[in-house]
Amino acid sequence: MTATGDRPLRADAQRNRDLLLSAAVRAFSECGLDATLDAIAKKAGVGIGTLYRHFPTREALVEAAYRNELAVVCDAAPELLAALPPAEATRAWMDRFIDYMTRKIGMADALRAVIASGADPYAHSFELLVGAIQPLLEASAAAEEIRSDVAPGDVLISLSGVALAAGSNREQAGRLLDLLMDALRYRPPVT
């Protein structure tokens with residue numbers, strides 16, 4: 001959609017927007033507030049005018065980049081559930097969540113600047129993430145692969161803790177996610 005949301009973008013304009021968002025996430029994650037819009041446009045392979053047509057301010061670009069990352073992780077849940085057994089889909093989604101959190105942590109300074117400008121890039125984030133993980137947990141519980149008494153919000157908080165504790169150490173994050181999945185495993189009642 002356009003910045004005003006009134007009509008869909010042409011295919012080339014959508015491609016440019018997607019390239020800009022991807023370049024922005026990388027730049028703000030790597031350079032924080034030092035990332036320049038010129039450098040972002042160059043990394044995306046577009047001119048600065050194209051960047052400003054899509055994102056009239058730096059804050060608009062940061063917020064759109066964050067919201068795009070959020071959409072990517074949320075949209076992955078039904079795709080994974082359709083392709084994998086429920087517990088495997090849940091574990092794969094956890095990996096995607098860690099990637100999302102790692103990028104979000106890298107963008108922290110840029111996101112704080114957006115908040116200082118009066119915007120709230122985090123509005124509805126928790127609800128969207130709960131909406132993404134809840135069907136995964138429900139399907140896994142229905143298949144008796146994980147416990148049925150697990151609150152989606154608790155799992156999200158646990159995943160956030162894993163992301164913060166492991167930082168960019170993906171190997172450690174993977175081990176911690178395996179521990180979390182083991183804690184979630186369904187164990188039949190002992191008779």
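This is a predicted model: local features need pLDDT of at least 70, side-chain atom pairs count only at pLDDT 80 or more; totals for chains, interfaces and linings use all residues.
## The nonpolar core

Let's start inside the protein. The largest nonpolar core has 59 residues, and those touching the most other members are F28, I40, L61, W93, F97, L129 and L159. The most comes from α4, which gives 11 residues.

Leaving aside residues up to four places away in sequence, L159 touches W93, M94, F97, I98, I133, L177 and L180. Two of these contacts, W93 and F97, are also listed with L159 among the residues that touch the most other core members.

## A closer look at α9

Now follow the chain to α9. This helix has 15 residues and spans 21 Å from its first C-alpha to its last, close to the 21 Å expected at 1.5 Å a residue.

Which residues of α9 are buried? They are A173, G174, L177, L180, M181 and L184. Looking down the axis of α9, these buried residues fall within an arc of 120 degrees, so they line one face of the helix. An α-helix has 3.6 residues a turn, so residues three or four places apart point the same way.

The buried residues of α9 pack against α5 and α8. On the face turned away from this buried side sit the exposed residues E171 and L179.

Terms used: Residues are numbered from 1 along each chain as its sequence is written. Side-chain values use heavy atoms; hydrogens and water are left out. A nonpolar core is a set of buried Ala, Val, Leu, Ile, Met, Phe, Trp, Tyr and Cys residues joined through side-chain atoms within 4.5 Å. Buried means under 20% relative accessible area, exposed over 50%, partly exposed in between (1.4 Å probe, protein chains only). Helices (H or I, at least four residues) and strands (E, at least two) are DSSP runs, numbered from the N terminus. Contact means heavy atoms within 4.5 Å. The expected span of a helix is 1.5 Å times one less than its number of residues. The arc is that of the directions from the helix axis to the C-beta atoms.
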